[in-house]
Amino acid sequence: MSQTEHFDVVILGSGQGGKKLAWHLGHSGKKVAVVERRWVGGSCPAVACMPSKNELWSARVAHLVQNAAQFGTLAAAVKTDMRKVRSRKQDMIDREIEFHLNAYKSSHAELIMGSGRFMGPKIIEVALNDGGTRLLTGNEVVVNVGTHAAIPDIPGLEAVRPLTHIEVLELDYLPSHLIVLGGGYTGIEMAQAYRRFGSRVTIIEPGRQLMGREDADVAEEILGILTAEGIQILLDAQPVGVHGLSGDEITVTMRTAAGEQKVEGSDLLVAAGRIANTGDIALDKAGVALDARGFVHVNERLETTASGVWAIGECAGSPQFTHVSVDDFRIVRDNMAGGNRRTDDRLVPYVMFTDPPLARVGLSEGEAQRKGIPVRVATLPMSNVLRTEATDETQGFMKVVVSASDDRILGFTMIGSEAGEVMAAIQTAMLAELPYTKLRDAVITHLTIAEGFGPLFGNVPARAA
Ligand SMILES: Cc1cc2nc3c(=O)[nH]c(=O)nc-3n(C[C@H](O)[C@H](O)[C@H](O)COP(=O)(O)OP(=O)(O)OC[C@H]3O[C@@H](n4cnc5c(N)ncnc54)[C@H](O)[C@@H]3O)c2cc1C
């Protein structure tokens, strides 16, 4: 049995919040260990946000070149070199690894590469990647182990060796026909990218619309954009069987309203939700309870059911975004230091990085209806934003939800060029609790996308007397 090594804080998983906590505590003079089994900086820079956005950008370049003639540039036949797409992405990951290793070094937080599991309350055994084990204890322990892609229980699915986001980002060939199981954010982003690289693409979505959390008009607009690019989208299609081998030949059989249907393709990507990485770390030995879906049960201070054990990021059931995991870090940092910060009072924005992107912050119209919150809603097509006359980026719309009883902005959704950046301006106004009229009446630069705020907020119906 290895000898126990004691730390002020042990962090299990080098996720987005955990690593920042380690660096912060290390710089503050605490003795900190981070246990990471695979990715030096967690999933975001290795297999999720950053590599996917890197490849999406390559796909955007391909799309612009393919359509260059529309803007007066004549390009010869366009072809994607997937090996170059992949190596450009890998160069970025290598830079990220170097950055993370330097950050660990300069903070004096120790990064231990191996798989950790609890042996008791605040005791973690690490099976080192290089062989051997270490036994770590901490005054405090933080769990930041993230999630992995779910493989739904569909007959034959596992046997066809489907791609997840990890493998699809490693492809160095172009699938002739990529089938995507799941019409959520990740599936849609990758579907558009591969279509633009030159693959035939089919999305299979069991629900009645894409992106089940979004309003129907938002899902409809994205569906129109993807369909116009030649992506086949099958809604209300329940996969019941899969045959073949991804990378070779794939057949998906679906139950639809019109009866059983089959789609044949070359490669299969599964993007059908996430499962917490809590199954094999023996949290029960630490007294840490899980919720019904297997996520760590935490209170709004991110404390687990075991004293001195915290959880951060996706494994704690936090909204599945890097910026939320990073905010979880700030909450735990402050609460460890005796503060009282909470997760239930934050405004969480997000972006789906399609082209054009979808950005959303706060309440949607549908959520307001379901919660019985009286609201006023205004929309503005992007074709009414003057900048799009210059850029031809006329797809999409802005949609704002304003309180019916006062002039506070409760939510904003946008599909359109620069949607993420434009949303940040609205988010700032929401945080400052500005009445929408301030944005309606502001002098905003011509010829920007945000110039649309004038007509958008001008469309908000007057408050009922
Ligand atoms: C394809 C894709 C694209 C995405 N794009 C975006 C985006 O554009 N913007 C955005 O905000 N979010 C995006 N996300 C979500 C984002 O990646 C996550 O929300 C973010 O990484 C936060 O994760 P985390 O901190 O919970 O854990 P992670 O970053 O997943 O880190 C958990 C770490 O724990 C390690 N680990 C697990 N178990 C053990 C163990 N037993 N022992 C040791 N180590 C262990 C894992 O190896 C991993 O490195 C995307 C996700 C995917 C899949």
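This is a dialogue on reading the features of a predicted model.

Biologist: What should I know about the numbering and the model before reading it?

Modeller: Residues are numbered from 1 along each chain as its sequence is written, and side-chain values use heavy atoms, with hydrogens and water left out. The model is predicted: local features need pLDDT of at least 70 and side-chain atom pairs count only at pLDDT 80 or more, while totals for chains, interfaces and linings use all residues.

Biologist: How many helices and strands are there in the protein chain?

Modeller: Helices (H or I, at least four residues) and strands (E, at least two) are DSSP runs, numbered from the N terminus. The protein chain has 13 helices and 20 strands.

Biologist: What does the radius of gyration say about the protein chain?

Modeller: The radius is taken over C-alpha atoms, and the globule rule is 2.2 Å times the number of residues to the power 0.38. For 465 residues a compact globule would have a value near 23 Å; the protein chain has 24 Å, which agrees. Its C-alpha trace spans about 70 × 60 × 45 Å along the principal axes.

Biologist: How many of the residues are buried?

Modeller: Buried means under 20% relative accessible area, exposed over 50%, and partly exposed in between (1.4 Å probe, protein chains only). Buried residues make up 50% of the 465 in the protein chain.

Biologist: What share of contacts joins residues at least 24 apart?

Modeller: A contact means heavy atoms within 4.5 Å. Taking contacts between residues at least 6 apart in sequence, 64% join residues at least 24 apart.

Biologist: Which residues have the most contacts inside the largest nonpolar core?

Modeller: In soluble globular proteins, nonpolar side chains tend to be buried together. A nonpolar core is a set of buried Ala, Val, Leu, Ile, Met, Phe, Trp, Tyr and Cys residues joined through side-chain atoms within 4.5 Å. The largest here has 33 residues, and those with the most contacts inside it are Tyr194, Ile203, Leu210, Met211 and Ile222. Elements that each supply at least two residues of this core include α6 (185-197), β8 (200-204) and α7 (216-228). A second, separate core of 26 residues includes Ala359, Met414, Tyr436 and Phe457.

Biologist: Which residues is Ile222 in contact with?

Modeller: Setting aside neighbours within four places in sequence, Ile222 touches Ile188, Leu210, Met211, Met352, Thr354, Leu358 and Ile415.

Biologist: Where is Ser43?

Modeller: Ser43 is in helix α2 (residues 43-47) and counts as partly exposed because its relative accessibility is 32%. Beyond neighbours within four places in sequence, Ser43 contacts Gln16 and Ala48. The C-alpha atoms of Ser43 and Ile166, 123 residues apart along the chain, are separated by 9.5 Å.

Biologist: Which peptide bonds are cis?

Modeller: Most residues other than glycine have a negative phi, and most peptide bonds are trans. The bond from Asp355 to Pro356 is cis, with omega near 0°; Pro356 is in the loop between β16 (350-352) and β17 (358-362). Another cis bond joins His446 and Leu447, with omega about 25°. Leu447 is in the loop between α12 (436-440) and α13 (453-458).

Biologist: Which residues have a positive phi although they are not glycine?

Modeller: Ala282 has a phi of about 50° and is in the loop between β14 (274-276) and β15 (309-311). Ala282 counts as buried, at 11% relative accessibility. Glu418 has a phi of about 60° and lies in the loop between β20 (409-415) and α11 (419-431). Glu418 counts as partly exposed, at 46% relative accessibility.
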